[in-house]
Amino acid sequence: MPAQDDHPLAALLPWVIERLDQPLTVEDLARQARMSSRHLGRHFKAVTGTTPLRWLLTQRIRHAQELLEKTDDGIDAIAASTGMGTATTLRRHFNRTLGVPPDTYRRTFRTRSGAQGPTGPALP
């Protein structure tokens, strides 16, 4: 996310991050930013280097990574928490974006951190 507070999306980006679990459309984001969808798309590209939906998906994937690393929540719960809806959708986007399925990511992270999986001690 951009570090500046003076760009047109300064209030919108944190608003979206707080609502990752909710279904959000470009129209929802534009309405919150008080601009048209086309205008929002231009600002998004200028500020973030990507489209609103691509940025939203990236934030959802990052949140899923965090939950996989820090919780024992199941894939269904993580899918709901990240706004992906279903475990199938989460798996598809996660694998397409990171090249590994969520359960492999979790095992890899926990192995690298020295923690054990769900049958062993949980991460602090």
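**A chat about a predicted helical model**

User: Where does glutamine 59 lie?
Analyst: Glutamine 59 is part of helix α4, which covers residues 52-70. Helices (H or I, at least four residues) and strands (E, at least two) are DSSP runs numbered from the N terminus. The model is a predicted one, in which local features need pLDDT of at least 70 and side-chain atom pairs count only at pLDDT 80 or more, while totals for chains, interfaces and linings use all residues. Residues are numbered from 1 along each chain as its sequence is written, and side-chain values use heavy atoms, with hydrogens and water left out.

User: Is glutamine 59 buried or exposed?
Analyst: Glutamine 59 counts as buried because its relative accessibility is 9%. Buried means under 20% relative accessible area, exposed over 50%, and partly exposed in between, with a 1.4 Å probe and protein chains only.

User: And what is glutamine 59 in contact with?
Analyst: Beyond its neighbours within four places in sequence, glutamine 59 is in contact with Ile17 and Leu20. Contact means heavy atoms within 4.5 Å.

User: Stepping back, how many helices and strands does the protein have?
Analyst: The protein has seven helices and zero strands. Of its 124 residues, 36% count as buried.

User: What is the average pLDDT?
Analyst: The average pLDDT of the protein is 87, and 84% of the residues score at least 70. pLDDT is the predictor's confidence in each residue, from 0 to 100. Residues 114-124 have a pLDDT below 50, and this stretch has 13 contacts in the model beyond near neighbours in sequence.

User: At what angle do α2 and α3 cross?
Analyst: The axes of α2 (residues 26-33) and α3 (residues 37-48) cross at roughly 85° and come within 9 Å. Axes are lines fitted to C-alpha atoms, for helices over the stretch in contact, and angles run from 0 to 180 degrees between N-to-C directions. The two helices, α2 and α3, are therefore roughly perpendicular to each other. Angles of 65 to 115 degrees count as roughly perpendicular, under 35 as roughly parallel, over 145 as roughly antiparallel, and the rest as oblique.

User: Which residues meet there?
Analyst: From α2, Val26, Glu27, Leu29, Ala30 and Ala33 meet Ser37, Leu40 and Phe44 of α3. The residues of this contact divide into six nonpolar, one polar and one charged. Ala, Val, Leu, Ile, Met, Phe, Trp, Tyr, Cys and Pro count as nonpolar, Asp, Glu, Lys and Arg as charged, and the others, Gly among them, as polar.

User: What does serine 37 touch?
Analyst: Leaving out residues up to four places away in sequence, serine 37 touches Val26, Glu27 and Ala30. With a relative accessible area of 29%, serine 37 is partly exposed.

User: What about the loop between α2 and α3?
Analyst: Arginine 34 has its place in that loop. Phi of arginine 34 is near 60°, a positive value in a residue other than glycine. Arginine 34 is exposed, its relative accessible area being 76%.

User: Which residues touch the most other members of the largest nonpolar core?
Analyst: In this core of 16 residues, they are Leu9, Leu12, Val16, Leu24, Leu29, Leu40 and Phe44. Helices α1 (12-17), α2, α3 and α4 each supply at least two of its residues. A nonpolar core is a set of buried Ala, Val, Leu, Ile, Met, Phe, Trp, Tyr and Cys residues joined through side-chain atoms within 4.5 Å. Not counting residues up to four places away in sequence, valine 16 touches Leu24, Leu29, Trp55 and Leu56.
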